Structures are given as structure tokens and as C-alpha cells.
Amino acid sequence: MAKLTKNQKLVAEKIEVGKAYTLKEASQLVKDITTTKFDASVDIDMRLGVDPRKANQMVRGVATLPNGTGKTVRVLCLCTPDQEAAAKEAGADYVGLDEYIDKIKGGWTDVDVIITMPSIMGKIGALGRILGPRGLMPNPKSGTVTMNPAQAVREVKMGKIDFKVDKTGIVHTSIGKVSFSAEKIAENAREFINTIIKLKPAAAKGTYIKSIYLSSTMSRGVKVDPKAVDEI
């Protein structure tokens with residue numbers, strides 16, 4: 001039988017097999033068991049009691065994390081000239097229209113989020129084959145197609161994230177960094193979980209939240225008790 005490494009022993013000592021922790025406890029444990037030399041991301045995985053193949057059970061939305069994600073998000077704002085100054089002031093990394101559409105057609109996609117306006121979607125539609133597979137296509141449901149692009153830029157820079165349940169019924173996203181305090185990790189996780197709860201489809205039957213796990217890059221998952229999410 002293979003011997004446990006030093007880090008594996010550390011995890012085994014701190015995490016009780018099969019135990020579900022409060023959100024506060026899980027947030028601290030993720031910090032305690034992370035041994036990477038870089039500032040690892042903290043992720044949350046929620047298995048939902050929905051069938052994503054049915055349109056009336058799709059769970060998709062946005063959440064604004066109170067403490068941000070800890071990541072530098074590169075934002076491209078494709079807007080009309082009258083909106084450019086406001087978008088730049090809001091923090092957009094790239095602002096313009098035709099020149100960036102041409103760059104994207106040439107293969108440039110060095111951004112994390114693209115925000116645009118309804119009147120411009122006609123021009124952007126042709127970029128679907130490039131942006132779609134990379135998850136960059138603007139969408140009204142995620143707030144990236146809006147009449148107020150500057151406000152959308154500001155929200156993304158402050159920690160707004162969009163998410164969608166995958167085909168297996170799991171929602172996965174990053175909610176911070178290991179360098180965050182356990183309190184900030186818990187606050188971000190709680191906001192995300194409560195957002196998911198509010199989005200429960202009317203057609204979903206039985207147990208809605210089947211499981212919740214917190215983990216960091218390359219760490220073991222820590223099980224969270226859904227009934228203890230609000231415990232302080």
C-alpha cells in the first residue's frame with residue numbers, strides 16, 4: 001500500500017471522512033489544506049436536483065460577490081462612440097467597435113468578458129463561431145448585452161460572475177482566492193449559494209441542492225452541509 005505524502009497526511013488529519021461542515025468551517029479548512037506556492041483559486045461546486053436537458057429546469061444567472069473574485073478580469077466593451085468615455089472611466093481594458101471586431105475576426109480573443117449594446121449585436125452575431133466556444137459571446141441573460149455598458153463594466157470589475165448548470169446538473173465557479181480570509185470566502189460562497197436558491201426552477205422536484213463542495217486549485221474538496229450555510 002502506497003504511503004501518504006506529507007501533504008496527504010495533513011489533509012487526512014484535518015478532514016473527517018464523510019463529514020459535512022458549516023460554510024464557515026469549510027472556508028477555513030480550504031485555506032488550511034492548500035499547500036500550493038501560488039495564490040490558488042477557491043471554487044464551489046453545487047450538484048442540483050434538476051434536469052438541464054429540459055428548458056424549464058435550466059439554472060443560469062449572475063451573482064455579484066461582495067468581496068470580488070480576486071482575479072484581474074480583462075473587459076472589452078464594444079459600444080457606440082457616445083458610450084466610450086464612460087466605459088473607459090468604468091474600468092474597461094479595451095473600448096471600441098469596428099477595430100476590435102476586425103481583430104476578433106483575425107483570431108484575437110485575449111479578454112475574459114465582452115460587454116456590448118443591443119444595437120450592436122447585429123455586427124457581433126457573425127463572431128459567434130469564434131466567441132461561442134470560448135464562452136465570450138455577449139448575452140442579455142448574463143448582463144453583457146445592455147443599454148448601460150459602463151455600469152456592466154463596473155459590476156464585472158467589482159466581482160460580478162455569470163454561471164450556468166452543466167449537463168450533469170452541476171454548477172461550478174470560482175469565488176475567491178486562498179489569500180482571502182475565511183470570512184470573505186464564506187461571504188462570497190453564501191452569496192452565490194443564495195443566488196442559486198433564488199433561481200430554483202418551478203419544475204424542479206425533490207431535493208434541489210444535493211451537495212455543496214468547496215475546494216482550491218489542486219486541493220481536496222470539503223463537503224458543506226446545505227442546512228448549515230447560514231451558520232456564523
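Buried means under 20% relative accessible area, exposed over 50% and partly exposed in between, with a 1.4 Å probe and protein chains only. The model is predicted, so local features need pLDDT of at least 70 and side-chain atom pairs count only at pLDDT 80 or more, while totals for chains, interfaces and linings use all residues. Residues are numbered from 1 along each chain as its sequence is written, and side-chain values use heavy atoms, with hydrogens and water left out.

**Exercise 1.** Decide whether threonine 173 is buried or exposed, and list its contacts beyond four places in sequence.

Solution. Step one is the location: threonine 173 sits in strand 7. Strands (E, at least two residues) and helices (H or I, at least four) are DSSP runs numbered from the N terminus. Step two is the accessibility: threonine 173 has a relative value of 10%, so it counts as buried. Step three is the contacts, where contact means heavy atoms within 4.5 Å. With neighbours within four places in sequence left aside, threonine 173 touches Val42, Asp43, Ile44, Ile161 and Phe192.

**Exercise 2.** Give the strand order of the open sheet and name its edge strands.

Solution. Two strands pair if DSSP finds at least two bridges between them. Four strands make up the open sheet, in the order 7-1-8-9, with antiparallel pairing. Strand 7 (170-177) and strand 9 are the edges, since each pairs on one side only. From one strand to the next the twist averages 25°. Strand 1 (residues 41-48) and strand 8 are joined by seven bridges in the antiparallel sense. Within this sheet, valine 42 is opposite serine 216 of strand 8.

**Exercise 3.** Locate methionine 218 and describe its backbone and exposure.

Solution. Methionine 218 belongs to the loop between strand 8 (209-216) and strand 9 (222-224). Its phi is positive, about 70°, although the residue is not a glycine. Methionine 218 has a relative accessibility of 73%, which means that it counts as exposed.

**Exercise 4.** Describe how helix 3 and helix 7 pack.

Solution. Two packed helices are described by the angle between their axes and the distance between the axes. Axes are lines fitted to C-alpha atoms, for helices over the stretch in contact, and angles run from 0 to 180 degrees between N-to-C directions. The axes of helix 3 (residues 81-90) and helix 7 (residues 149-158) come within 8 Å and cross at roughly 15°. Helix 3 is therefore roughly parallel to helix 7, as angles under 35 degrees count as roughly parallel, over 145 as roughly antiparallel, 65 to 115 as roughly perpendicular and the rest as oblique. On the helix 3 side, the contact uses Gln83, Ala86, Ala87 and Ala90; on the helix 7 side, Pro149, Ala150, Val153, Arg154 and Lys157. By class, the contact has six nonpolar, one polar and two charged residues. Here Ala, Val, Leu, Ile, Met, Phe, Trp, Tyr, Cys and Pro count as nonpolar, Asp, Glu, Lys and Arg as charged, and the others, Gly among them, as polar.
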